[in-house]
Amino acid sequence: MNIVILDALTYGDTPLEGFNTLGEVSVYQTTTLEETAERVRDAEVIVTNKVVINDTVMESAPNLKLI
């Protein structure tokens, strides 16, 4: 499973290593609006706290199963 964490910085001290047991994980400390679609292109799961996931972003991720 391809998991993308878009704004890890906003989780503070919360450990995110548990996601590694579920699949391949890409972690970004912050993500701008312009970077979002490219970063989630191959994602099956998007983990976000502050990054907005709109229709355009979802359309750019054909394999997306969970936000």
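Start by selecting Asn 2 and everything around it: leaving out residues up to four places away in sequence, Asn 2 touches Glu 24, Asp 42, Ala 43, Glu 44 and Val 45 (contact means heavy atoms within 4.5 Å). Asn 2 sits in strand E1 and is buried, with a relative accessible area of 18%. The burial classes are under 20% relative accessible area for buried, over 50% for exposed and partly exposed in between, using a 1.4 Å probe and protein chains only.

Before moving on, a word on what you have open. This is a predicted model, where local features need pLDDT of at least 70 and side-chain atom pairs count only at pLDDT 80 or more, while totals for chains, interfaces and linings use all residues. Residues are numbered from 1 along each chain as its sequence is written, and side-chain values use heavy atoms, with hydrogens and water left out.

Now switch to cartoon and pick out the sheet. Its 3 strands run in the order E2-E1-E3, forming an open sheet with parallel pairing. Two strands count as paired if DSSP finds at least two bridges between them; helices (H or I, at least four residues) and strands (E, at least two) are DSSP runs numbered from the N terminus. Strands E2 (24-27) and E3 (45-47) stand at the edges with a single partner strand each, so one side of each has no neighbour in the sheet. On average, neighbouring strands here are turned by 20° against each other, direction ignored (axes are lines fitted to C-alpha atoms, for helices over the stretch in contact, and angles run from 0 to 180 degrees between N-to-C directions).

Zoom in on E1 (residues 2-5) and E2, which pair in the parallel sense over 4 bridges. Which residue in E2 stands opposite Val 4? That is Ser 26.

Next, the charges. The structure holds 4 salt bridges (a side-chain nitrogen of Lys or Arg within 4 Å of a carboxyl oxygen of Asp or Glu). Select Glu 38, Arg 41 and Asp 42, which are linked in a network of these bridges. Glu 38 and Arg 41 have their closest N and O atoms 2.7 Å apart, while Asp 42 meets Arg 41 at 3.9 Å, N to O. Glu 38 is partly exposed at 48%, as is Arg 41 at 40%.

Then find Lys 65 and Glu 44, bridged at 2.8 Å between the closest N and O atoms. Lys 65 lies in the segment after helix H2 (55-59) and Glu 44 in the loop between helix H1 (33-40) and E3, so the pair ties together parts 21 residues apart in sequence. Lys 65 is exposed at 64%, whereas Glu 44 is buried at 19%.

Finally, zoom out. The chain has 2 helices and 3 strands, following the pattern β-β-α-β-α along the sequence.
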